[in-house]
Every structure is written in C-alpha cells, then in structure tokens.
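Dear colleague,

Please find below the structure that I am handing over to you. My notes on it follow directly after.

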Amino acid sequence: MPTQTLSANGPKIRTKLPGPNAQKILKGDAQYISPSYTRSYPLVAKSGRGSIIEDVDGNEFLDFSSGIAVCSTGHCHPEVVAAIQKQAGELIHMSGTDFYYENMVTLAERLAKTAPMSGPVRVYYGNSGTEAIEAAMKLARYHTKRQGIIAFYGAFHGRTMGALSLTASKAQQKRRFFPVVPGVVHAPFPYVYRRPEGQTEAQFLKECVSFIEDRVFKTIMPPEECAAIFIEPIQGEGGYVPVPKEYMQELRRICDKHGILLVADEVQCGAGRSGKMWAIEHTGVEPDIITMAKGIASGMPLGVTMSRAEIMDWVPGSHASTFGGNPICIEAALATLNVLEREGIANAEAVGNHILRRITPWVQKHPMVGDVRGRGLMLGVEIVKDKATRATAHDERDRIVDLAFERGLLFLGAGENTIRIAPPLVLTQEQADIAMDVLEECIGIVEKENK
Ligand SMILES: Cc1ncc(COP(=O)(O)O)c(C=O)c1O
C-alpha cells in the first residue's frame, strides 16, 4: 500500500483505502442507496479545489475524472462559487416554464456566440444530459414530422426512455427496460482502431457511410422518414473515440440530401474539453442541433438543447421543465463560460497536447497499450491483451484504474477496455506529468502480472 507524497501538487494518501471514515459511509450507502450505480472504487469525496479531491479521511487525490467530465473549471472554482452564492441569496427558483428570468436570456446570448452553426439559434433549458437529448429527439420529430432516428453502436446518450433508446453502450443499461422508444436504428460508429483486419481507414469509413445509405435507407428506414442522426463528435462512454472529420462531412452530406437533422451530442465532449468550445468544430461541420450539459455549469445541473432558430418551431406547451434553466445553474454556467473562455479551453488544448505527446509512444513501448487517442483533455488509452488481435483487456483495464486509485489518482474506464483521461480543464502541466508517471507505472505493473 503506497503512502507517498509525490510533490506538493501531487496526491497525498494518508490512510489505507478506504479509510475509517469512508468505511462507515460505505456501510450506510450499501444499506440505503440504490444498488444501480456503478462505483469503480471506494472514493468518498468530501471537498475539492482545482484538480484535487479530498476524501473524508484527509487523503488527497488528483482527479482525472472530473465527476464524469463535469467539473470543467476544477472543483469549486472561486468565480463559480461566488456566482452561485450571490444568486442563492437573491432568487433560487420561479420556473422559466411559466415566468421569465433575465439570466436565461443572458446565457442564451452567450451560448449563441459560441454556436458551431451559422445564423440565429434558440436554446431550450433542462437539467441534465439525458433531458437535453429528450428535448432534441422531441424537437427533431416535431420539426420534421418524421419518426425515425439513427444513432450509433457504442453511443451513450442517457438513461431516460427516449435517450436510452439511442444509447447502445452496454446491454445492462437496457436489460429488462424494453420496449424503449421505437423507430431507432443503430449504425456502426467510425471507430478506426477497431476496423476490420486488412481494411484501410478510408475503406472502413466508406463502409460506415454505405451502411447508412445502402443498408439502412434501402432496407429498414426510408430516408424521408428519418428525422435525425444523433452522434457524439467524440464518443464518450463508448471509449473516448473521435469521429474522423471525413466521416462527419459525409453525415452532413447525407442529412442535407434527405432533409435529416444532424444532432451533435456534446454533453461529454463539449464545453471546451476537446480544446475547442465544441468538439464538432474540429471537423468543420455544422450541426442542426447541439446538446450540452456536464461541463457547461461546473457541476450544477443544467442541460441545454440549442438549435438553428428555424428548427425550434414548437408551440407553447410542446415541451418544458419546472427546474430547467434554474437561476443558480445559469449563473454557474455564466461564470463557467468566463473561466473557459479566458483560460480553460486554451489550457485544455495545451495540456492535452502535452499529455498526448507523452502517451503516444506508449503504443510502441507497452505491450498492453493498443491505442491512444482523443483531443484536448478528452483522451483515451485503450488496453488490449494482445496487440495483434486487439483482444480487449477489460479486467486488466479495471486493475490499472484500481492501482491508480491506491496511488491517489482518480481515473474512470470508458467502453470495455479504455482508460479515460478527463481532468478539469485547469489541470497544470506539472499535475499532468505526475499523473502520467503514475499511470504508466500502473500499466507496467499490470503488464508484469499478465506476462
Ligand atoms: C454524450 C452523453 N450524452 C448524454 C449523457 C447523459 O447525461 P446525464 O447523465 O446528465 O443524463 C451522457 C452522460 O454520460 C453523455 O456522455
């Protein structure tokens, strides 16, 4: 059990994990809390600042998960905290569904300036990622008067019934919940590393495009009945896999040809994480609808569905939410945007590139590192049993994540066998170096165990 202090900015593990206070809470959790959550390891968080999380026993961890890519500005950024406190003292709730708030408009104007689409936009406010997706699904059906939706294998769009019907990440997420919303077809995601043996990248992407045009449209869903294609510009839960630019451009072409709406789900990859405000900007493609949540309000619950203005043509009563656009969440989002635009996005690009430069050689150096990929501070390290077969190393990936936890580093898995690197966007280069040293050490240990 390592009890080390790697540097003033590194983790400080002071007790056996979980510590005595954590153990008490875990006991209560086991008794009272829904067993449906998937906890990877027993972190009981107490407080946070920047990229550091302190647990209930005084252990300090370097956070490379950001509360599932949420705490974009770091934990408890002083500007975000001040904005929340000020708003909480003024007005907590009236409901944007029935009344008006000035800051609903202010945030919409700010987000409109960042929109990765030309022309005017409108926004709908909800409270979570899954609600942003539900709104996008309903809006797409409402506007096009069509029912069909295409989503992708590996996708995660949320767990409410509509979003769940698009999700195709893990069977457990759907087990015993059918029927979900009908009219959804899944297509292969352009996961270049997992292309069939012997295919070039270009051939593989062509085949992925052809699946939609030649298989889906010709056999199951007439294109004129397809309302929307939902895609994550960097697939998150599926394994931190960026969509190649050429593929996104082909999707745009298909959508334009058939009057289908292109929906970019930026719930995880958006809000500056990729080194640009919206990850789809890396592809030069404009979506029709974009969904956001997670990093947009630094941990306060806010979901946003933004579309080209002419698409948001639904009439009063079509869709709404009691809490959506809560004034405190909106103030948190405005403060978050200030931090991201001033420093967070640029830092995500710089520190992300630094990490990518450091970990890219691991593919040559480490027998179990099959692929490293991603953009900004949304990077994935894919762990395989064997480079030639690319056999997925799920348990070994989990073991690496556990070893890192014991050493004071918080990672999460993504997909079957990928480690996600998703720290706050204010991570320093020094913290990145400390963490990558530890991660590489953990990979080395697991490689030795599996020799
Ligand atoms: C891309 C994407 N869309 C939607 C969601 C659902 O968000 P929430 O958990 O806030 O409902 C997630 C959550 O991980 C996500 O990663």
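Which residues does Gly-162 touch, not counting residues up to four places away in sequence? They are Ile-133, Glu-134, Met-137 and Val-181, where two residues are in contact if their C-beta atoms, placed from the backbone, lie within 7 Å.

Two remarks on the source are needed. This is a predicted model, in which local features need pLDDT of at least 70 and side-chain atom pairs count only at pLDDT 80 or more, while totals for chains, interfaces and linings use all residues. Residues are numbered from 1 along each chain as its sequence is written.

Gly-162 lies in helix H6 (residues 161–166); helices (H or I, at least four residues) and strands (E, at least two) are DSSP runs, numbered from the N terminus. Gly-162 is buried because 22 other C-beta atoms lie within 10 Å; the term requires 20 or more such atoms, whereas a residue with 12 or fewer is exposed and one in between is partly exposed. Between the C-alpha atoms of Gly-162 and Ala-135, which are 27 residues apart along the chain, the separation is 9.4 Å.

The ligand is surrounded by 15 residues, and the closest are Gly-129, Thr-130, Gly-158, Val-267 and Gln-268. A residue is counted here if its C-beta atom, placed from the backbone, lies within 6 Å of the molecule. Helix H5 (residues 129–144) gives the most to this shell, with three residues. By class, the shell holds five nonpolar, seven polar and three charged residues. Ala, Val, Leu, Ile, Met, Phe, Trp, Tyr, Cys and Pro count as nonpolar, Asp, Glu, Lys and Arg as charged, and the others, Gly among them, as polar.

There is also an open sheet of four strands, in the order S1-S2-S3-S16 and with mixed pairing. Its edge strands, S1 (45–49) and S16 (409–410), each pair on one side only. Two strands pair if DSSP finds at least two bridges between them; S3 (residues 60–63) and S16 pair in the parallel sense over two bridges. Asp-63 stands opposite Leu-410 in S16.

Finally, the protein is divided into domain 1 (20–69 + 360–449) and domain 2 (79–340), with bounds from an automatic or database domain assignment. Their centres, taken over C-alpha atoms, are separated by 26 Å. The contact takes 20 residues from domain 1 and 23 residues from domain 2.

Yours sincerely
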